[in-house]
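Dear colleague,

I am passing on the structure we spoke about, together with some notes on what turned up when I went through it.

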Amino acid sequence: MKNILIIGATGQIGSELTMKLRGLYPNGNVVAGYIPGAEPKGVLLESGPSAVVDITNPAQIAVAVEKYKIDTIYNLAAVLSAVAEIKPQLAWHIGVCGLFNVLEVAREKKCAVFTPSSIGSFGPGTPKVLTPQDTIQRPTTMYGVTKVTGELLSDYYAKRFGVDTRSVRFPGLISYATPPGGGTTDYAVDIYYSACKGEKFYCPVKPGTFMDMMYMPDALRAAVEIMEADPARLIHRNSFNIASMSFDPEMIYDKIKEYVPDFEMEYKIDPLRQDIADSWPDSLDDSCARYEWDWKPEYDLDAMTKDMLNHLSLKFQEHLHAEFA
Ligand code: AKB
């Protein structure tokens, strides 16, 4: 039986991962950890236990771990890249001090820990195309600095204290369920919303800006599979490159237009997001994840686009029905 605590359970990844884990471990406690102001609602609230767990409060983490006999912590608390440039102190406090709190509780209570890293852990000096697993990591953003620090700290706790820490470097994540907030890759979610609402899309990054992206079902599967992987096969821990697709704004726009022919896009560059995107790789080489724990994505740009458009048009139809009922 697995007893799991998800810190940040009402966020973009957490809200879907909590439901997936509850489906996979119906006899365990899968606890949705949230901060006041971001309470779980609907099915997330009703389908299992939840607790106030602020990552900056080590006592709160320890109380939840003790109460629910937690053996695995998914640490999803984060300040995404664009917001982290505006609030670098907060990004450090949550990304690094928060992770330290989680690792200390995990060390004392013998929990495994998953903390995602990101394509943002690389920088302008990193090889840009098919970025290798082990390479230069000198990010120029605060988000990247917290992610590299998190990778090192997690590896340290594994080696020094035997804490079972594992991680993947997430690309930009695309989902119809919960919107992201404050990331550089958010445009690749927003563009689908505009297409489904019949609105023109203003793209914040230039044509030719390639970044790795991934559909949420693949990302959730990666987060589960890395924690279930046979430890004897793992040469790496924190953190594995994973990849499924890399595109620039023109490619995603052209793909959406195949299904929504009158969709329009114009460029309105956000210099902050453009600078961040320019410092990140175009695409990652994920062969170590494939070799060490059989990672394999299922969605490409076409499959993701069809699924996103289907779900979002249903969502907006329902919304319209509710408004006009
Ligand atoms: C962001 O854009 O900040 C995130 C990421 C790539 O980690 N989506």
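**Notes on a loop, a strand and the ligand site**

Y176 is found in the loop that connects strand 9 with helix 7; please bear in mind, here and throughout, that this is a predicted model. With a relative accessible area of 26%, Y176 is classed as partly exposed, because that class covers values between 20% and 50%. As for its position relative to another part of the chain, the C-alpha atom of Y176 lies 24 Å from that of A84, a residue 92 positions away along the sequence.

G181 belongs to the loop between strand 9, which spans residues 172-174, and helix 7, which spans residues 187-197. G181 is likewise partly exposed, its relative accessible area being 48%. Although G181 and Q12 are 169 residues apart along the chain, their C-alpha atoms are separated by 8.0 Å.

Turning to strand 8, which comprises residues 168-170, we find R169 within it. Is R169 buried or exposed? With a relative accessibility of 3%, R169 counts as buried, since the class requires a value under 20%.

The remaining notes concern the ligand, which sits in the largest pocket. The residues that surround the ligand are L80, S81, S118, I119, Y143, G183, T184, T185 and W280, and, sorted by class, this shell consists of 4 nonpolar and 5 polar residues, with no charged residue among them.

Which side chains place an N or O atom 2.6 Å from an oxygen atom of the ligand? One is the side chain of S81, where an N or O atom is 2.6 Å from a ligand oxygen, and another is that of Y143, for which the distance to an oxygen atom of the ligand is 2.6 Å as well. The backbone also takes part, in that a polar backbone atom of T184 is 2.7 Å from an oxygen atom of the ligand. Taken alone, the ligand exposes 260 Å², and the protein buries 93% of that area.

With kind regards

Definitions and conventions. Residues numbered from 1 in each chain as written. Predicted model: local features only at pLDDT ≥ 70, side-chain atom pairs only at ≥ 80, totals over all residues. Heavy atoms only, no water. Near = heavy atom within 4 Å. Polar contact = N/O pair within 3.5 Å; in protein donor to acceptor, adjacent residues only side chain to side chain. Areas by Shrake-Rupley, 256 points an atom, 1.4 Å probe, with all protein chains shown as cover. 1 Å grid on protein atoms, 1.4 Å probe; cavity = no way out; pocket = protein on both sides within 12 Å on 5 of 7 lines; lining within 4 Å. Sits in = over half its atoms within 2 Å of the grid points. Nonpolar A, V, L, I, M, F, W, Y, C, P; charged D, E, K, R; others polar. Helix = DSSP H or I, 4+ residues; strand = E, 2+ residues; numbered from the N terminus. Buried < 20%, exposed > 50% of the residue type's maximum accessible area, 1.4 Å probe, protein only.
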